[in-house]
Amino acid sequence: MSSLYIESTPSEVSKANGIHLLTYSSPNGQKVQILLEELALLYGIQWTTSIINIMQNEQKEDWYLRLNPNGKIPVVVDNCRSAPFPVIETSAELLYLAEKYDKDYALSFQDPLERSQMIQWLFFWHGSGAPPYGQLWYFSKFAKDKNPAAIERFRNETLRVFGVLELHLSGKNSDGQPREYLAGSGKGRYSLADIGAYPWVAKWEVTGFEKKDMEAFPSVLAWLERIEQREAVKTGTGDKYQKKP
């Protein structure tokens, strides 16, 4: 057994071959789930999956912390190497999997400037979008004591981030031509940048935003509708990744 694993590591993890995904179908988990489903449709790749019970803090157990010391989902373990190689942090996981499998750059870019733009927007959501959105989700849905100041702060910051996406997708500050996706020349092309942001933004109703709040972001709503029609997105956010009883 690899030193990555200990006695308490579930056998479905320690004995997995190829790519193994440890996930929970939250927005962060859905990013990697969607990408794997896209890669399966494109290249026929296969992987195995463990659904982690984050409600019981399974991701904080010793065996899991050997894979990800940060105790978060998802984790990708690549067993195709001489020793199992864990990859943590969703943006890093998206890039790792795309570099490994997306040889035709169907979900990425070969052109260095387009690739840079993709990485910029991938990091924008990772660093500026998900943190306030996650805090809003916590304070509005899970905190035992509601803190109106915290809710207002993170709500306003999330709306500001939506505004950044709207400004970019609308083309207002560039050539005035609307974009369909976050990265790429012209109208853009569906890529890791979109996969990184979509599962979070798509949950706007869950965090208490109403349709009237989203009227200020028509380009964002059109972008969401465009992405949600994809077969891999439907599968990656669907029942396949629910914990079975």
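Colleague: Which residue forms a salt bridge with arginine 81?
Modeller: Side chains of opposite charge can pair when their charged atoms come close. A salt bridge here is a side-chain nitrogen of Lys or Arg within 4 Å of a carboxyl oxygen of Asp or Glu. Arginine 81 pairs with aspartate 78; the closest N and O atoms are 3.6 Å apart. This is a predicted model: local features need pLDDT of at least 70, side-chain atom pairs count only at pLDDT 80 or more, and totals for chains, interfaces and linings use all residues. Residues are numbered from 1 along each chain as its sequence is written, and side-chain values use heavy atoms, with hydrogens and water left out.

Colleague: Is aspartate 78 buried or exposed?
Modeller: Buried means under 20% relative accessible area, exposed over 50%, partly exposed in between (1.4 Å probe, protein chains only). Aspartate 78 is buried, at 0%. Arginine 81 is partly exposed, at 46%.

Colleague: How many salt bridges does a search of the whole structure find?
Modeller: Eight. One of them joins lysine 240 and glutamate 37, at 2.7 Å from N to O. That pair links distant parts of the chain, 203 residues apart: glutamate 37 sits in helix H2 (residues 27-43), lysine 240 in the segment after helix H10 (231-236). Helices (H or I, at least four residues) are DSSP runs, numbered from the N terminus. Glutamate 37 is buried at 8%; lysine 240 is partly exposed at 46%.

Colleague: Where does the partner of aspartate 213 lie?
Modeller: The partner is arginine 155, with closest N and O atoms 3.1 Å apart. Arginine 155 is in helix H6 (residues 148-170), aspartate 213 in helix H8 (residues 211-214), 58 residues apart.

Methods. Helix = DSSP H or I, 4+ residues; strand = E, 2+ residues; numbered from the N terminus.
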